[in-house]
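User: I'm new to reading protein models. Could you walk me through one?

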Amino acid sequence: LELAADLQRALLENQFAIEYQPVVDLATSRVTAVEALVRWWRGSAFVPPELFLGPAEDTGLIVPLSEWILREACREVATWHASSWKIGLSLNLSARQIMAPRFVESVESALSESGLPPSALTLEVIEEMLVEDAEEIVNRLSELRELGVRLAIDDFGTGYASLALLRQLPVDMIKIDPSFVSGLGRDETLTLLTRTIVRLGHDLGLIVVAEGIERPEQLELLREMGCTRGQGFLVARPMAARGVDSLMHSDMPSM
Ligand code: G
Ligand code: G
Ligand code: MN
Ligand code: NA
């Protein structure tokens, strides 16, 4: 596969970058965390993650790539902590990454080498990851959680077993899928479902994050529903670390 060889070279030649999308506390409009999102600039061409993450997973290159993202993101977020800006870091995981022989150790060493406290790190999983090797994946994630790392269910509500997953995994957070948030104020059913997910999350003692906020009306409804946090293009787009620097200690102008 041509892309596989390209991916290998891209790793060696440092063609990958990380963007950070701010996540805000809806009550205060302050940035409370960032989600790391991998970017590949192949020469001057941008290759979307949807195109290379699948092949990276199939070839196993996802393991060294994810390891690099983990270390780099912990290091960058730790520099904000060093400036007394104690924001959280969310990372998207892949099943193959979790099943790699030294996954738990790699997370522990990224934390200890960067100095980032475990409680600042949230690992995002989607339920499709638990289709195979579910028991081992749950064990490894639970082990990290016992060290203080937080767990989140990403794309909550879209899978066939979102509710069952809440019983399997000891999670701290759910991230409401943009397919619900998109309908806020426009579609009665989606608005009701979003409200119900927010309430469910709160009743379970979880942090609830709404993703894909693009319109002021969505923000207003989510605040009224008491949703904890928000993320989306209206709030802030994914940006380089330098862009995040400029948001330190300030509230978001778009809010
Ligand atoms: O941010 P963006 O739309 O480019 O992300 C596209 C998809 O790629 C999303 O599903 C996101 O979860 C996934 N993704 C982005 N960065 C990473 C990463 O570092 N690791 C993994 N496994 N998935 C990622
Ligand atoms: O699957 P996951 O939630 O990790 O995906 C994150 C992806 O969603 C990233 O690629 C990011 O660029 C994208 N994203 C973030 N905010 C918005 C938004 O408001 N609208 C849309 N369409 N995509 C968004
Ligand atoms: Mn995510
Ligand atoms: Na999501």
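User: Which residues in α1 meet which residues in α2?

Analyst: General idea first: two residues are in contact if their C-beta atoms, placed from the backbone, lie within 7 Å. Helices (H or I, at least four residues) and strands (E, at least two) are DSSP runs, numbered from the N terminus. In this predicted model, Leu-3, Ala-4 and Leu-7 of α1 touch Phe-52, Pro-55, Ala-56 and Thr-59 of α2. By class, that contact has six nonpolar residues, one polar and no charged. Ala, Val, Leu, Ile, Met, Phe, Trp, Tyr, Cys and Pro count as nonpolar, Asp, Glu, Lys and Arg as charged, and the others, Gly among them, as polar.

User: Before we go on, how are things numbered, and what is the confidence?

Analyst: Residues are numbered from 1 along each chain as its sequence is written, while chains are lettered from A and ligands numbered from 1 in the order in which they are written. Since this is a predicted model, local features need pLDDT of at least 70 and side-chain atom pairs count only at pLDDT 80 or more, whereas totals for chains, interfaces and linings use all residues. pLDDT is the predictor's confidence in each residue, from 0 to 100. Here the chain averages 95, and 100% of the residues score at least 70. The model's ipTM is 0.97 and its pTM is 0.97.

User: At what angle do α1 and α2 pack?

Analyst: Axes are lines fitted to C-alpha atoms, for helices over the stretch in contact, and angles run from 0 to 180 degrees between N-to-C directions. Helix α1 (residues 2-12) packs on α2 at about 90°, with the axes 10 Å apart. Angles under 35 degrees count as roughly parallel, over 145 as roughly antiparallel, 65 to 115 as roughly perpendicular and the rest as oblique. So α1 is roughly perpendicular to α2.

User: And how do α3 and α5 cross?

Analyst: The axes of α3 (residues 62-82) and α5 (residues 103-114) come within 9 Å and cross at roughly 25°, so α3 is roughly parallel to α5. On the α3 side, Glu-67, Leu-70, Arg-71, Cys-74, Arg-75 and Ala-78 make the contact, and on the α5 side Ser-106, Val-107, Ala-110, Leu-111 and Ser-114. By class, that gives six nonpolar, two polar and three charged residues.

User: What surrounds ligand 1?

Analyst: For a shell, a residue is near a molecule or strand if its C-beta atom, placed from the backbone, lies within 6 Å of it. Around ligand 1 you'll find, among them, Ala-36, Pro-49, Ser-66, Asn-92 and Pro-238. β2 (31-42), α2 (49-59) and α3 each give two or more residues to this shell. The shell divides into eight nonpolar, three polar and one charged.

User: How many residues surround ligand 2?

Analyst: There are 13, and the closest are Asn-92, Gly-212, Glu-214, Gly-232 and Phe-233. By class, the shell around ligand 2 has five nonpolar, four polar and four charged residues.
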